[in-house]
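Dear colleague,

Please find below the structure that I am handing over to you. My findings follow it.

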Amino acid sequence: MSLFSRKTEMPSPEKALPGRPERPFKVAPRHLVLGNPLEGPVPDGHEVALFGLGCFWGAEEIYWQLPGVWSTSVGYAGGVTPNPTYEEVCSGRTGHTEAVRVVYDPARVSYADLVKTFFTVHDPTQGMRQGNDIGTQYRSAIYYTTPEQAEVAEQLRTAYGKAVADRGYGEITTEIAPAPAYYLAEDGHQQYLAKNPHGYRCHANTGVPFPG
């Protein structure tokens, strides 16, 4: 029970793992499916979206298939520990979400559509978990990169909150906050389901479509 509590409580800076000044592993430079860079400058006219919606393997696969998405990667965001490892994040002592970073062309796919996808492919009412996956790294989060994104995220959270409440679900627990530092996950996690087509997917969604 104490382990369960520790993994579902955000660590204070004093109790978080110290991390390190540099990433302790190498990551392939290009997206295995889309062929575009995982890091570096964002192409002109493109924008970045950052989401936490449970296990990042299945979440990333959903986003790289959307028309207008230029690149995706998985990593860690919203925590305290700099340059964490997967094992450290899973310990509950870094405070990070398992995050998906999406570089997209807003002329082809809107931020609103990315957020609607976010809400309908996981259960945003579960707090520090998704299905059987329990811990701070599985919490629901939208990290915005522009004021316009923040406004859209707030409006859509309210709309979906009413929709799920009408179906008997509890309050949406999705946090909406400015985009924090984002640390790439290990190479084995990048495009994991392209490398392991029969691998684990956690889509503990509500089954409630987005209204309208």
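Read along the sequence, this predicted model follows the pattern α-β-α-β-α-β-α-β-β-β-α-β-β-α. The chain thus holds six helices and eight strands, where helices (H or I, at least four residues) and strands (E, at least two) are DSSP runs numbered from the N terminus.

Residues are numbered from 1 along each chain as its sequence is written. Local features need pLDDT of at least 70 and side-chain atom pairs pLDDT 80 or more, while totals for chains, interfaces and linings use all residues; side-chain values use heavy atoms, without hydrogens and water.

The C-alpha trace spans about 45 × 45 × 35 Å along its principal axes.

Among contacts (heavy atoms within 4.5 Å) between residues at least 6 apart in sequence, 80% join residues at least 24 apart.

One residue may be of interest to you. Lys26 lies in the loop between α1 (2-7) and β1 (47-53), and Lys26 counts as exposed because its relative accessibility is 79%. The C-alpha atoms of Lys26 and Glu39 are separated by 12 Å, with the two residues 13 apart along the chain.

Yours sincerely

Terms used:
Buried means under 20% relative accessible area, exposed over 50%, partly exposed in between (1.4 Å probe, protein chains only).
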